Amino acid sequence: MKILYIDVDSLRPDHLGAYGYHRNTSPNIDRIAANGVRFTNYYASDAPCAPSRNALFSSRFGIHTGSINHGGLDADTRPIGSDRPFNHHHTPYQAWVEDLRFKGHHTAMISPFPGRHAKWNVLEGFLEMHDTGKHAGETAGDVSKQAVNWLQSTGVEKDDWFLYLNFWDPHTPYRTPEDYGNPFKDDPAPEWLTEEIIQQQRDSFGPMSARELPRGDQWPNLPDEIRHPEDFKRWIDGYDTAIKHVDDHIGLLLDTLEENGMLEETIIILSADHGENQGELNVYGDHQTADHITSRIPLIISGPSFKKGHVDEDFHYQIDLGPTLTEFVGMESSERRDGKSFLPAITTGDSAGRPYLVVSQAAWSCQRSVRFDQWILIRTYHDGLKDFPNLMLFNVEEDPHETNNLVDQRPEIVAKGLRLLDEWVAEQMAISDSPTDPMWSVIQEGGPYHTRGNLHSYVEKLQEQGRHEAANRLLSRH
């Protein structure tokens, strides 16, 4: 059995053709979707990058591993303690990638992620690790070159393998080679961001907000602020061009599999570590929240024994993928894992989802959110210097860009969401190895890593820019 896992950093599903996007960003990804199963409600349990991939590879919630931040005491996974075995082989601590290895799969990773985030524990179970060497400054060509070489050598040589690879281009700063051009120059941007919303955002504040876009050595013609819809179009062109560039290189991987007679026998998984807010909640080109946009990620799975052209609308976490693959290769998943297999969804198209989800963020803000029915209820414990109320409620089916907070209009839905959140936290803490909820550890330590200690300098910056009302509002919250 051959398994290719393609992880595209910061890839939001609604910018893919297979998920209904109006721009032709993803013809090769769409080709995979047409031959497989597409999941519409698949969420990262813990965002952003490091907590998400830690959760993916451990198949455990951050509330259990303690790894929910990008720095400080809660960036690393908690030690097991006195029960730590000599190694994790054939114990409850065994990683699901090890499950594949012990079933005879040659396991390999192509990614700079472990070194970039010092998350070496995610390598458990991998026989090979290839760092593409640019600390996430890679473009798609750097990754596909190594992947094609691997597929043409080890991929051909081995009967059973699992290859995980990581594209970074849709993560800011967008760095598509300039000579690639702008394939969306004549395509309109999404129309939800109006002049009125932009003005509201400019009167507000927060890292990576409309007046503070991420900067860097990046694709040409990007705006330095969002002043009007034309700036938004230029910004979205940069993001979508990065997606299209990655998709081209995914096409190279598909061609390589086909040329070597492996395409029809390879399971292909396409997903992401998190989504990317592009104006939603006044965050641009970043992943600072536990909202619908940052937490929802694509999942497309195709394979020789899976359903073709099927759409699964059930709720799933990304931590459910490992147990699904474990079951598929004929092994039982460890009782320590929080993930639940959804194998029937891809083999027979039967329902195998969860009743609701709770997603978390603690690197840019401290939030937990409940995704249930058509709703997402976001509870903010630390705003990360953003203009967030304590509670936000959105109908994501009618308002996917989260423009209308319904907390005051729908108190009965808020009550249901808070009850579900409280039940989930109680259930998880009851089975936790630690008496401490890491979310509160982050808050006690000073807040989310990326904004910790920046309050006074940020207030001074707002005042220097003449944004006194915003500065006073932020100070009053802290």
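Predicted model: local features only at pLDDT ≥ 70, side-chain atom pairs only at ≥ 80, totals over all residues.
User: Why does a radius of gyration of 22 Å agree with a compact globule for this chain?

Analyst: Because a compact globule of 478 residues would come out near 23 Å, and the chain has 22 Å. The radius is taken over C-alpha atoms, and the globule rule is 2.2 Å times the number of residues to the power 0.38.

User: What box do the C-alpha atoms fill?

Analyst: Roughly 65 × 55 × 40 Å, taken along the principal axes.

User: How many helices and strands?

Analyst: The chain has 15 helices and 15 strands. These are DSSP runs numbered from the N terminus: helices are H or I with at least four residues, strands are E with at least two.

User: What percentage of the residues is buried?

Analyst: 61% of the 478 residues. Buried means under 20% relative accessible area (1.4 Å probe, protein chains only).

User: And contacts? What share comes from residues 24 or more positions apart?

Analyst: 70% of the contacts with a separation of 6 or more. A contact means heavy atoms within 4.5 Å.

User: Switching to aromatics. How many pairs are there?

Analyst: The count is 16 aromatic pairs. Rings of Phe, Tyr and Trp (its six-membered ring) pair if their centres lie within 6.5 Å; planes under 30 degrees apart are stacked, over 60 edge-to-face, the rest tilted.

Analyst: One of them is Phe57 with Trp96, a stacked pair at 6.0 Å centre to centre and 15° between the planes.

User: Where do Phe57 and Trp96 sit?

Analyst: Phe57 is in helix H2 (residues 49–58) and Trp96 in helix H4 (residues 96–102). They are 39 residues apart, so the pair links distant parts of the chain.

User: Is Trp96 buried or exposed?

Analyst: Trp96 counts as buried, at 1% relative accessibility. Phe57 is buried too, at 5%.

User: How is Trp96 placed against Phe162?

Analyst: Their ring centres are 5.8 Å apart and the planes stand at 75°, so the pair is edge-to-face. Phe162 lies in strand E6 (residues 161–167) and Trp96 in helix H4, so this pair ties together parts 66 residues apart in sequence. Both Trp96 and Phe162 are buried.

User: Which residues form the aromatic cluster with these?

Analyst: Tyr5, Phe57, Trp96, Phe126, Phe162 and Tyr164 form one aromatic cluster.

How values were computed
Residues numbered from 1 in each chain as written. Heavy atoms only, no water. Buried < 20%, exposed > 50% of the residue type's maximum accessible area, 1.4 Å probe, protein only.
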